[in-house]
Amino acid sequence: MEIPYTTDVRPDTGLTNPKLGIWLFLASEVMLFGSLFSSYALLRSGAPTWPVQHEILSVPLAALNTVVLIASSVTMVMAWASLAPHAAAVRAGNREEEAHSLKRYRLFMGLTLLGGAIFLVVKTIEYSDKFSHHLYPATNNFLGLYFTLTGLHAVHVIVGMIVNAYLWGPGARMWRSEPERFTNRIEVAGIYWHFVDVVWIFLFPVLYLL
Amino acid sequence: MAHDVATQVRGYMLVFGALLVLTLATVGVSYLRLPETPAVVIGLGIALTKASLVAMYFMHLKGEKPMVYWPLGLTAFLFIGLLVSVLLAEGDHLFGTQFGDAFTRE
Amino acid sequence: MLRRIFSTDHKVIGLQYGFTSLFFLLVGFALVILIRWQHAFNGQPLPFLGALLGETNAPGGVIAPEFYNQLGAMHGTIMVFLGVVPLAFGAFGNYIVPLQIGAPDMAFPRLNATSYWLFLAGGLVMLFSFFVPGGAANNGWTSYAPLSDFAPGHGQTLWLFGMLLLIFSSLLGAMNFIATIIQLRAPGMTWFRLPFFVWAQFITAFLLLLAFPALQAAAVLQGMDRLAGTSFFLPSGLVVTGQPAEVAGGGNALLWQHLFWFLGHPEVYVLILPAMGIVAEIVANNTRKPLWGYRLMVLSVFVLGFLSFIVWAHHMFLTGMGTAISAFFQATTMIISIPSVIILSSLILSLYGGSIRFSTPMLFALAFMPMFGLGGLTGLPLGLAATDIPLHDTNYVVAHFHYLVAPGTIFALFAGIYYWFPKITGRMMNETLGRIHFFGSLVCMNVIFLPMFIQGLAGVNRRLWDGGAIYTHAQETISLNVPMVYAAFGLAFFQLFFIINLIVSIRAGRVADTNPWQATTLEWAATSTPPRAHGNFDGPVRVYRDPYDYSVPGAAAGFLPQNAE
């Protein structure tokens with residue numbers, strides 16, 4: 001039984017179901033991180049003193065992570081762009097184009113995964129550095145917020161990486177069987193991944209620089 | 001088709017470049033150790049710009065359909081509303097008041 | 001077999017939600033009967049059950065205050081999050097919405113199944129919490145900080161974890177509903193041909209999608225406070241049982257309240273909107289005429305949904321927020337009564353000139369209207385800060401919201417079950433048992449909740465272990481607790497008629513044809529009974545008509561289904 005508009009767009013809305021779905025999901029994620037940012041704003045503005053954030057956290061490491069995550073966003077959208085122009089040809093049975101584009105896709109998706117991995121490694125270094133200096137979430141609200149916000153963000157990174165890894169690996173079989181649907185999947189996974197990047201784009205100045 | 005892709009890819013690279021520049025800028029500005037209000041405005045302003053670039057170009061939000069824009073617009077409104085209301089209701093220290101009105105000064 | 005348990009068919013999932021939520025409604029009801037008993041016979045040993053509950057929960061058979069608090073907190077939590085919403089949204093929404101819009105299933109069937117299993121997991125965590133040392137959460141369904149931060153034992157932590165599972169389930173479900181309603185309407189099913197039930201579910205989904213994350217955030221923060229020693233909700237200088245709290249401090253207890261109520265208020269509209277949708281369907285069908293003011297109702301439900309996001313601090317009038325902000329929330333709260341009243345008035349006006357069929361579903365739908373009206377009107381003094389001051393946290397509030405949810409929403413849900421039972425099973429429920437269920441429940445509910453207004457006006461606080469016995473000002477009204485508990489027993493008794501009716505009718509109810517209520521909407525007009533397992537409809541569906549083309553002159557059966565050309 002086919003659900004309509006899974007791959008084709010519905011004419012009056014111009015959308016596929018997954019495209020609409022991911023944006024709706026991200027709307028809820030905006031409210032989630034928005035609530036947490038609001039909590040940060042309230043707690044910091046209500047505090048008589050607040051630690052000097054950039055003296056506790058490492059700005060260079062976080063700046064590196066920011067660049068890494070942005071780069072992984074670029075490679076993610078490049079992964080999609082490697083597939084999109086070739087979907088029709090693959091559907092028509094062009095095996096050569098299929099193999100070539102799959103290779104390019106895997107390269108870019110692999111780089112995206114690498115970027116995510118580097119990000120998590122740097123985060124681990126940051127966290128262990130804090131712990132070794134006896135700086136824990138319980139130490140003060142700034143650190144509490146830092147660990148909670150970046151921790152939740154890291155969970156989202158991990159989930160994204162699991163999805164991306166699946167799409168790099170066994171999920172890529174769909175490139176041959178349903179190329180348009182696979183392309184859309186990469187676009188949708190990309191939109192999620194870019195969102196994770198956007199959250200970090202706000203976390204970086206708020207937690208490290210201000 | 002190949003030309004379209006090339007244009008698209010070039011677009012992505014331009015955005016990437018802009019994002020790198022803005023990242024550099026935001027770090028650079030932070031070293032100026034500006035006072036709180038300008039620092040927050042500039043820092044969040046740059047972040048908002050970067051986020052918009054990612055959203056518009058990487059997430060293909062530019063030229064997206066109204067059925068996507070409406071929920072997102074509502075979400076943005078509600079988020080701002082929550083942030084502002086919580087600060088107005090509880091942000092006594094922010095407004096220099098204590099146990100009193102957000103809009104009157106003691 | 002596994003495929004059937006983990007089915008991705010919205011009808012199966014709807015029934016899974018339905019049975020699970022009905023079970024949880026029973027559990028929640030059982031908890032509150034204990035509370036009612038304790039209030040009426042405060043300090044006396046509980047017969048039979050007292051021994052079963054054990055020495056910790058009921059020393060000497062008398063319900064202990066700490067256990068009483070568990071009963072209170074979990075009654076609210078279970079009824080709202082595990083009972084009413086999953087039934088109204090998860091069960092009815094899942095089963096009926098795709099059918100009413102002419103869709104083969106939800107937009108994301110596997111996500112739909114995931115939502116159900118997450119819901120079940122969350123529910124099991126909540127139930128399990130009763131059996132850990134210290135028992136279940138006992139800080140009110142609202143879990144206010146700092147009490148909930150410090151609550152000993154694992155009950156509160158499990159509550160937080162259970163809520164995270166439930167919220168995630170709801171978010172996925174909400175996303176699914178919105179995408180389905182936008183994308184999978186059959187050809188010809190334009191927005192203003194949607195049954196009002198679908199509109200109600202559509203708005204409800206938006207409320208869940210955008211409001212629940214705030215509680216998710218709050219639950220994460222409180223989880224950190226409880227498990228990682230942070231002080232997000234703990235101000236500096238707190239002293240707990242004589243000892244200064246060993247936390248960093250600097251937190252804000254009211255932050256919890258804002259985040260909780262940012263969800264909490266839209267949540268109550270999540271409780272009522274599907275109910276209004278069900279009542280609307282049943283009223284149109286049983287008056288044999290279109291709804292009065294359908295477009296106005298649609299507009300109102302949009303406005304209601306939007307406004308529901310900006311009234312939340314009316315739950316916090318007594319927290320010292322300042323008159324300007326307070327005035328804002330009072331204003332929005334007053335304004336939100338307008339779309340509510342428009343919807344209720346439209347339902348009532350729909351009766352005028354109708355050819356009313358007093359079927360069991362219609363009885364419940366008819367009772368909904370004045371009960372919802374009473375509940376809504378009694379909210380007005382709560383929405384104005386000045387009158388809220390003496391009423392806040394009293395039994396008046398409890399009566400107010402129970403009128404809306406119990407003879408309000410739950411009656412509508414009963415109505416929906418009686419109404420759609422023939423579509424789901426191919427058999428009718430017994431009308432006589434239904435009438436007994438209806439009249440008994442209506443009387444008992446009013447005997448339970450009406451006196452609570454009186455107690456509240458006398459200043460009797462809610463959540464008191466002894467029902468207020470220790471207070472002089474409560475003495476005049478405390479005797480009301482006795483008829484209330486007997487009415488509660490009565491209410492339990494009358495549910496037996498429903499439960500027996502439900503179970504027996506599945507096998508032995510009078511066989512129904514495809515459209516026993518002669519309804520116009522697609523689930524009756526275009527599907528078999530029960531609907532086809534996959535794909536719902538035998539062929540392509542096309543919609544030509546408005547949702548309630550009843551009593552059309554010249555029409556063969558006196559009405560025109562939506563898919564009739």
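Here are some questions and answers about this predicted model.

User: Let's start with chain A. How many helices and how many strands does chain A have?
Analyst: Happy to begin there. From the N terminus on, the elements of chain A run α-α-α-α-α-α-α-α. The count for chain A is therefore eight helices and zero strands.

User: What box do the C-alpha atoms of chain A fill, and what share of its residues count as buried?
Analyst: Taken along the principal axes, the box is roughly 65 × 35 × 25 Å. Chain A has 210 residues. The share of them that counts as buried is 53%.

User: Is A:Thr7 buried, partly exposed or exposed?
Analyst: A:Thr7 lies in the segment before H1 of chain A. It has 18 other C-beta atoms within 10 Å. A residue needs 20 or more to be buried and 12 or fewer to be exposed, so A:Thr7 is partly exposed.

User: Leaving aside its neighbours within four places in sequence, which residues is A:Thr7 in contact with?
Analyst: Neighbours within four places in sequence are set aside here. The residues that remain are A:Thr16, A:Glu180, A:Arg181 and A:Asn184.

User: Are H6(A) and H8(A) roughly parallel or roughly antiparallel?
Analyst: H6 covers residues 141-168 of chain A and H8 covers residues 179-209. Their axes come within 10 Å and cross at roughly 160 degrees. Because angles over 145 degrees count that way, the pair is roughly antiparallel.

User: How do the residues of the contact of H6(A) with H8(A) divide by type?
Analyst: H6(A) passes H8(A) in a left-handed crossing. The contact includes A:Tyr146, A:His153 and A:Gly160 of H6(A), together with A:Arg185, A:Trp193 and A:Trp200 of H8(A), among others. By type, the residues of this contact divide into 14 nonpolar, five polar and one charged.

User: Which element gives the most to the side of chain A that touches chain C?
Analyst: The contact takes 31 residues from chain A and 33 residues from chain C. On the chain A side, helix H1 (17-45) and H6 are the elements that give two or more residues. That side divides into 18 nonpolar, 12 polar and one charged. With 14 residues, the element giving the most is H1(A).

User: And which element gives the most to the side of chain B that touches chain A?
Analyst: Here 39 residues of chain B are in contact with 37 residues of chain A. Helix H1 (2-31), helix H2 (36-58) and helix H3 (66-90) of chain B each give two or more residues. The chain B side divides into 28 nonpolar, eight polar and three charged. With 12 residues, the element giving the most is H3(B).

User: Finally, where is the kink in helix H15 of chain C?
Analyst: H15(C) covers residues 395-425, and 28 of its 31 residues are buried. Just after this helix, C:Gly426 takes a positive phi of about 80 degrees. The kink is about 40 degrees and comes shortly before the proline C:Pro422, at C:Tyr419.

Notes. Residues are numbered from 1 along each chain as its sequence is written. Chains are lettered from A and ligands numbered from 1 in the order in which they are written. This is a predicted model: local features need pLDDT of at least 70, side-chain atom pairs count only at pLDDT 80 or more; totals for chains, interfaces and linings use all residues. Two residues are in contact if their C-beta atoms, placed from the backbone, lie within 7 Å. Helices (H or I, at least four residues) and strands (E, at least two) are DSSP runs, numbered from the N terminus. Ala, Val, Leu, Ile, Met, Phe, Trp, Tyr, Cys and Pro count as nonpolar, Asp, Glu, Lys and Arg as charged, and the others, Gly among them, as polar. The bend at a residue is the angle between axes fitted to the seven residues ending there and the seven starting there. Axes are lines fitted to C-alpha atoms, for helices over the stretch in contact, and angles run from 0 to 180 degrees between N-to-C directions. Angles under 35 degrees count as roughly parallel, over 145 as roughly antiparallel, 65 to 115 as roughly perpendicular and the rest as oblique. A crossing is left-handed if the near helix is turned anticlockwise from the far one by less than a right angle, and right-handed if clockwise.
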